[in-house]
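Could you walk me through this model in the viewer, one selection at a time? Please tell me what to pick next and what is there.

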Amino acid sequence: MQHIENFDALACDAPNDMKKAESGLANLKFLMVGVMFGIVFVKAEIISWFRIQEMFRMQSFHMYGVIGSAVLVAMLSVWLIKRFRIKTLAGETVEFHTKAFNKGQIFGGLLFGLGWVITGACPGPLFAQIGSGYVVVVATLLSAVAGTWVYGYLREKLPH
Amino acid sequence: MEFIDLIRKPWPWYVAGPLIGLTVPTLLLIGNKSFGISSSLRHICAACLPAGIPFFQYNWKREIWNLFFVTGVLLGGFLAANFLENPTAIQLAPATISDLRVLGIQDFSGLMPADLFNTANLFTLKGLIFFVVGGFLVGFGTRWAGGCTAGHSITGLSNLQWPSLIATCCFMIGGFTMTHLILPYLMKWF
């Protein structure tokens with residue numbers, strides 16, 4: 001790798017692009033969106049280890065339908081926001097980010113896929129599983145935090 | 001039919017999927033935030049144990065919305081499981097049930113198999129594999145990939161980012177590999 005760390009490489013994948021200052025209370029909006037999201041996760045049963053098994057055995061359309069329609073709706077929304085230059089509530093221009101390719105998307109993606117099946121969860125559903133009463137998933141979440149930390153520790157040595 | 005009964009039944013994909021998709025414009029329009037979840041794990045590291053690692057030295061407080069969001073997901077999971085719970089057991093494909101029975105799964109009553117996800121398994125070799133190794137792969141893998149199913153498969157794809165398509169394909173390849181080539185051995189040996 002020639003140039004190692006520019007700011008972009010260190011930037012977050014779910015960045016806060018709000019320019020105006022936000023009060024601490026404004027975060028309750030995101031808490032509320034999270035609550036709605038968590039309810040959908042449980043009601044659509046996508047936090048279920050069983051549903052992940054069904055998906056990877058291609059024995060049900062359910063998960064493919066959920067992910068596919070989510071992507072289509074999000075895609076249409078993004079297109080509309082760009083096409084009609086829709087502003088945020090605070091009147092700002094909506095920021096979109098270009099993702100650069102690096103080999104981590106391949107290696108990391110494969111490892112994540114392996115973990116997805118045995119835990120029955122990606123990061124979002126981990127939180128919903130705990131909330132819905134599967135206390136033992138706290139261990140999985142802590143381990144996921146540890147995995148994130150070890151990645152940060154080894155980052156310079158890993159191929160990207 | 002009462003509204004609450006309708007809510008309590010499992011939601012079909014064509015209701016849940018679009019609602020999940022709408023999270024992207026909602027977050028963008030209420031606060032100029034890009035949807036992603038695995039970054040919350042990184043913020044937790046940055047807040048709790050930065051340890052002088054450059055990857056964890058940034059202003060995580062600016063990204064604290066993401067921690068509020070995942071706290072909301074946890075609360076939403078609690079509300080749905082306690083007040084909107086489905087009166088009947090999960091309706092799985094019969095083929096999945098028979099496949100999983102062969103692997104030794106017996107309890108199909110909850111959203112998660114009680115044979116695996118119970119606290120008694122926590123300090124067994126099985127628990128080590130499914131919780132500790134599994135969780136580690138999820139955390140390490142998403143960070144190396146630069147995002148998870150939320151950041152890549154939903155946000156990235158919806159913004160037509162081809163690196164996110166590659167990441168998503170790799171998520172799926174990893175998933176198929178584990179399901180068909182590795183899981184049978186994990187279930188048999190541990």
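Begin by selecting A:Glu45, which sits in the loop between α2 and α3 of chain A. This is a predicted model, so please read each stop on the tour as a description of a prediction. A:Glu45 is not a glycine, yet its phi is positive, at about 60°. Is A:Glu45 buried or exposed? With a relative accessible area of 5%, A:Glu45 is buried, because anything under 20% counts as buried.

B:Leu160 is placed in the loop between α7 (149-158) and α8 (162-189) of chain B. Its relative accessibility is 64%, so B:Leu160 counts as exposed, the cut-off for exposed being over 50%.

**Chain A as a whole**

Along the principal axes, the C-alpha atoms of chain A fill a box of roughly 45 × 40 × 30 Å. If you colour chain A by accessibility, buried residues make up 57% of its 160 residues. Contacts are worth a look as well: among those in chain A between residues at least 6 apart in sequence, 49% join residues at least 24 apart.

**A cysteine in a loop**

Next, pick A:Cys12, in the loop between α1 (7-10) and α2 of chain A. A:Cys12 is buried, its relative accessible area being 14%. Which residues does A:Cys12 touch, leaving aside those up to four places away in sequence? They are B:Ser39, B:Arg42, B:His43 and B:Glu63. Before moving on, draw a distance from A:Cys12 to A:Trp49: these residues are 37 apart along the chain, and their C-alpha atoms are separated by 28 Å.

**Where chain A meets chain B**

Show both chains together and select the residues in contact. You will pick up 119 residues of chain A and 135 residues of chain B. How much area is buried between chain A and chain B? The value is about 11,200 Å², with 75% of it from carbon and sulfur atoms. To find the residues of chain A that lose the most area to chain B, select A:Lys43, A:Phe50 and A:Ile118; together they give 8% of what that side buries.

Turn next to the polar links. Between chain A and chain B there are 3 salt bridges, and 38 residue pairs are in polar contact, both residues being at pLDDT 80 or more. Zoom in on A:Arg57 and B:Asp99, which form a salt bridge whose closest N and O atoms are 3.4 Å apart.

To see which parts of chain A face its partner, colour the helices that give two or more residues to the side touching chain B: α2 (27-43), α3 (49-56), α4 (62-83), α5 (104-119), α6 (123-131) and α7 (137-154). Coloured by residue type instead, that side of chain A divides into 70 nonpolar, 33 polar and 16 charged residues.

**Rings across the two chains**

Over all chains, a search of the whole structure finds 25 aromatic pairs. Select A:Phe107 and B:Trp144 to see one that is tilted, with 5.5 Å centre to centre and 35° between the planes. A:Phe107 belongs to helix α5 of chain A and B:Trp144 to helix α6 (residues 125-145) of chain B, so this pair joins two chains. A:Phe107 is partly exposed, at 34% relative accessibility, whereas B:Trp144 is buried, at 9%.

Then move to A:Tyr151 and B:Phe140. Their ring centres are 6.0 Å apart and their planes stand at 80°, so this pair is edge-to-face.

Finish by selecting A:Phe107, A:Tyr151, B:Phe55, B:Phe56, B:Phe136, B:Phe140 and B:Trp144 together, for they form one aromatic cluster.

Technical notes
Residues are numbered from 1 along each chain as its sequence is written. Chains are lettered from A and ligands numbered from 1 in the order in which they are written. This is a predicted model: local features need pLDDT of at least 70, side-chain atom pairs count only at pLDDT 80 or more; totals for chains, interfaces and linings use all residues. Side-chain values use heavy atoms; hydrogens and water are left out. Contact means heavy atoms within 4.5 Å. Buried area is the accessible area (1.4 Å probe) that two parts lose on being put together, summed over both. A salt bridge is a side-chain nitrogen of Lys or Arg within 4 Å of a carboxyl oxygen of Asp or Glu. A polar contact is a pair of N or O atoms within 3.5 Å; within protein, one must be able to donate a hydrogen and the other to accept it, and residues adjacent in sequence count only if both atoms are side-chain atoms. Helices (H or I, at least four residues) and strands (E, at least two) are DSSP runs, numbered from the N terminus. Ala, Val, Leu, Ile, Met, Phe, Trp, Tyr, Cys and Pro count as nonpolar, Asp, Glu, Lys and Arg as charged, and the others, Gly among them, as polar. Rings of Phe, Tyr and Trp (its six-membered ring) pair if their centres lie within 6.5 Å; planes under 30 degrees apart count as stacked, over 60 as edge-to-face and the rest as tilted. Buried means under 20% relative accessible area, exposed over 50%, partly exposed in between (1.4 Å probe, protein chains only).
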